[in-house]
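Hi,

Here is the model I promised to pass on.

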Amino acid sequence: MIPVRFAPIVFGFFLSMIMSAVISGVSTVSAIGITSALLGIWFKAWYSSWVVAFPAVLIVAPIARRIVGRLVAKPPT
């Protein structure tokens, strides 16, 4: 098992993989349509976008958490 202190990195890893796969898939199908070359073209698009998305998630997630923390009400104590 992975130690719990690495949870934010593991979360960012999977979040960036899934989100970049979905977005690159939608963009690729929108750009070229459904063709026999779709899988190969999508994989290249996904991989290149994931290489950017993973570090971006690690940088942006703490900022987003702080923004959300300021916008939502604190639970009553």
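First, how the helix geometry is defined: axes are lines fitted to C-alpha atoms, for helices over the stretch in contact, and angles run from 0 to 180 degrees between N-to-C directions. Helices themselves are DSSP runs (H or I, at least four residues), numbered from the N terminus.

This is a predicted model, where local features need pLDDT of at least 70 and side-chain atom pairs count only at pLDDT 80 or more, while totals for chains, interfaces and linings use all residues. Residues are numbered from 1 along each chain as its sequence is written, and side-chain values use heavy atoms, with hydrogens and water left out.

Now the helix pair. The axes of α1 and α2 come within 7 Å and cross at roughly 140°. That makes α1 and α2 oblique to each other (under 35 degrees is roughly parallel, over 145 roughly antiparallel, 65 to 115 roughly perpendicular, and the rest oblique).

Two residues are worth a click. Ser24 sits in helix α1, residues 7-32, and is buried, with a relative accessible area of 7% (buried means under 20%, exposed over 50%, partly exposed in between, using a 1.4 Å probe and protein chains only). Beyond its neighbours within four places in sequence, Ser24 is in contact (heavy atoms within 4.5 Å) with Trp42, Ala45, Trp46 and Ser49.

Trp50 belongs to helix α2, residues 38-71, and is buried too, at 15% relative accessible area. Setting aside neighbours within four places in sequence, Trp50 is in contact with Phe13, Ser16, Met17, Ser20 and Pro55.

Cheers

How values were computed. Helices (H or I, at least four residues) and strands (E, at least two) are DSSP runs, numbered from the N terminus.
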